Amino acid sequence: MNEITMRLQADHLILEALKEDISSEDVTTNSVIKEAVIGEVSLICKQDGIVAGMEVFRRVFELLDDHVEVTCYCKDGDPVTNGEQMGLVRGDIRALLSGERVALNFLQRMSGIATYTHCVVALLKGSKTKLLDTRKTTPNMRIFEKYAVRVGGGYNHRYNLSDGVLLKDNHIGAAGSVKRAIELAKEYAPFVRKIEVETENLEMVREAVEAGADIIMLDNMSLEEMRQAILLIDGRAETECSGNVTKENIEHLTSLGVDYISSGALTHSAPILDISLKNLHTI
């Protein structure tokens, strides 16, 4: 996440997180530290994993006090191990204490997603299938969570509803049929947009192929149904399978040869990576 992206897309979200944590003042810190005192604190990893969000971590402190210095000993995408020192934060102790929780919340959450994604991507090694995230993200955290998926080796599906056409079951129900939904989408959406259709059975797959869908999602189908669907599609559309995909069950999907597997678990079920700020002292 570069500096331009940070300022345009992330700064206001980071500030909202800080405002949530400090509605008027940090009464605990202000009660014990009456004036500026320079100190430093170490960023320590307490679990093995993949780091993501170091620049977001840094930005939390910069937005509180632009004189705070954050020295990073690792970068996004690096593997980290239990006990490793990941960085050092130096500056006014009041800023260090007030920003600690928010900075760690971002870093732990993003690193957890990158770690989980990395583990799932490894299970697809040797196949042509790309691992995608979904829109099942934490409200106001999407930019951070989808970035973390990329750091972990996954790919982003559409970012939001303005980013592409995905005709799901309720869209199809509203339109009346798969064919009609695709016709309406082709009439309305810009020609540069691909049209993806969510299907639940072979009849829907056949209708989507005949109507000219660009991508056909095989949603919550059995393994045998998906095999039949792929034969039916026969390269006339890209294929994606979805539906409660986790690292525990993804391996049996690798033999299908689909183009994409999407998993909401990458963002909604990844545990955090345990990281702490330790050994705060004055200098």
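Strand β9 (residues 215-219) and strand β10 run parallel to each other and are joined by 5 bridges. Two strands count as paired if DSSP finds at least two bridges between them. Helices (H or I, at least four residues) and strands (E, at least two) are DSSP runs, numbered from the N terminus. One of the residue pairs here places Ile 216 opposite Thr 239 in β10. The model is predicted: local features need pLDDT of at least 70, side-chain atom pairs count only at pLDDT 80 or more, and totals for chains, interfaces and linings use all residues. Residues are numbered from 1 along each chain as its sequence is written, and side-chain values use heavy atoms, with hydrogens and water left out.

Together with helix α9 (residues 223-233), strands β9 and β10 make a right-handed β-α-β unit. A crossover is right-handed if the path from the first strand over the helix to the second runs clockwise, with the strands pointing away from the viewer. The loops on either side of the helix each hold a residue with positive phi. Asn 220, in the loop between β9 and α9, has phi near 55° and is not a glycine. Asp 234 sits in the loop between α9 and β10; its phi is also positive, about 55°, although Asp 234 is not a glycine. Asp 234 is exposed, with a relative accessible area of 59%. Buried means under 20% relative accessible area, exposed over 50%, and partly exposed in between (1.4 Å probe, protein chains only).

Strand β10 (residues 238-242) is largely enclosed by the rest of the structure, because 4 of its 5 residues are buried. Strand β10 also pairs with β11 (residues 260-262) in the parallel sense, over 2 bridges. There, Glu 240 has Tyr 260 in β11 as its bridge partner.

A separate description applies to the antiparallel pairing. An open sheet of 4 strands has the order β3-β5-β1-β12, and its pairing is antiparallel. β3 (69-72) and β12 (275-282) stand at the edges with a single partner strand each, so one side of each has no neighbour in the sheet. From one strand to the next the twist averages 20°. Axes are lines fitted to C-alpha atoms, for helices over the stretch in contact, and angles run from 0 to 180 degrees between N-to-C directions. Strands β3 and β5 (residues 85-92) are joined by 4 bridges, and Thr 71 has Leu 88 in β5 as its bridge partner.

Two helices pack on this sheet. Helix α3 (residues 54-64) touches β1 (38-45), β3, β5 and β12, and its direction makes about 165° with that of β3. Helix α4 (residues 93-123) touches β1, β5 and β12, at about 165° to the direction of β12. Contact means heavy atoms within 4.5 Å.

Within β1 lies Cys 45, which is buried with a relative accessible area of 0%. Not counting residues up to four places away in sequence, Cys 45 touches several residues, among them Val 80, Met 86, Leu 273 and Asp 274. The C-alpha atoms of Cys 45 and Gln 108 are 9.6 Å apart, though the two are 63 residues apart in sequence.

Over the whole chain there are 10 helices and 12 strands. Of the 283 residues, 48% are buried. Among contacts between residues at least 6 apart in sequence, 70% join residues at least 24 apart.
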